[in-house]
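Welcome! Let us take a walk through this structure together, one place at a time.

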Amino acid sequence: MAKVIFEKNRKFRLEEKVLNLEGRNYMRAEKYLNKTPRKLKYIGNKYFNEKKYKLGLKCIRIVIGMENGRNMQNLYWMGFLLTMVKPAKIDLAVKYFQKAANGGYKDAYYPLGAFYTELGEYKLAEFYLKRAEENKDNSSLKGLGDLYTILGNYELASYYYDKGIEIFKDTNIGDTIMCNLGNMYQEQKKYKEAEYYYRNILDRRKHRRVSYKLGTMYEEMGDCELAEKYYKEANHKKY
């Protein structure tokens with residue numbers, strides 16, 4: 001029993017030390033916390049998995065300080081964790097991804113491109129998504145399709161979506177790309193093409209979002225019977 005209490009107290013003391021440590025002391029944190037950067041990163045990830053987000057993020061921030069910001073992978077990891085909290089801290093995450101990318105960490109290119117798209121910074125989004133594509137990051141194909149759809153360049157959007165479907169066939173990512181492609185055609189009122197991609201997904205599995213999109217498409221087309229059928233499949237409140 002005494003050992004269990006001691007272990008709990010030691011853990012509590014570590015959490016207290018982590019939370020109380022200020023930025024100017026991060027370089028001396030290894031001695032203060034008696035933890036190497038690698039060990040502290042492991043602990044930070046553990047806190048994060050336990051949904052102790054404040055502690056987890058603080059640990060990784062300290063690790064970055066201990067390394068004087070020289071480890072690009074940890075800068076990237078901090079950016080990733082910031083996108084996982086609720087609500088996500090996108091602006092701050094982008095700053096960490098940008099630092100990692102500036103330091104040559106190529107895995108940061110795709111998330112930078114995706115979030116710059118979300119933030120409406122389309123030139124930067126295109127720049128980093130293209131770099132991700134050059135780095136053979138296949139996620140960039142979806143990102144470029146999404147970007148060019150927003151920009152109204154449907155020919156390029158279709159080109160990248162089709163490449164993505166070929167690579168991610170029969171996967172969740174592939175189905176997301178197909179749904180986006182269907183939505184792109186629906187926006188152009190090219191209903192036959194949209195129906196092809198929506199039904200391609202539903203022929204293989206149930207998908208509430210796709211059923212809902214089919215419902216909206218048939219409603220636009222004036223086919224109330226089919227619209228009702230797919231709205232019901234999607235459990236839409238309308239029915």
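At 58% relative accessibility, lysine 189 counts as exposed (over 50% relative accessible area is exposed, under 20% buried and in between partly exposed, with a 1.4 Å probe and protein chains only). Lysine 189 sits in the loop between α11 (172-187) and α12 (191-202); helices here are DSSP runs of H or I with at least four residues, and strands are runs of E with at least two, numbered from the N terminus. Its phi is near 60°, a positive value in a residue other than glycine.

Before going further, please keep in mind that this is a predicted model, in which local features need pLDDT of at least 70 and side-chain atom pairs count only at pLDDT 80 or more, while totals for chains, interfaces and linings use all residues. Residues are numbered from 1 along each chain as its sequence is written, and side-chain values use heavy atoms, with hydrogens and water left out.

Lysine 136 also has a positive phi, about 65°, although it is not a glycine. You will find lysine 136 in the loop between α8 and α9, and with 71% relative accessibility it counts as exposed. Asparagine 138 has its place in the loop between α8 (122-134) and α9 too, but asparagine 138 is partly exposed, at 32% relative accessible area. Apart from neighbours within four places in sequence, asparagine 138 is in contact with Ile167 and Phe168, where contact means heavy atoms within 4.5 Å.

Now follow the chain into helix α9. How do α9 and α10 pack? Helix α9 (residues 139-150) and helix α10 (residues 154-167) meet at an angle of about 160°, with axes 8 Å apart; axes are lines fitted to C-alpha atoms, for helices over the stretch in contact, and angles run from 0 to 180 degrees between N-to-C directions. The two are therefore roughly antiparallel (over 145 degrees; under 35 is roughly parallel, 65 to 115 roughly perpendicular and the rest oblique). Among the residues that meet are Leu141, Lys142 and Leu144 in α9 and Tyr154, Leu156 and Tyr161 in α10.

Lysine 142, found in helix α9, counts as buried because its relative accessibility is 19%. Not counting residues up to four places away in sequence, lysine 142 touches Tyr161, Thr176, Ile177 and Asn180.

One last stop is the loop between α5 (72-84) and α6 (90-102), where proline 87 lies. A cis peptide bond joins lysine 86 to proline 87, with omega about -5°.
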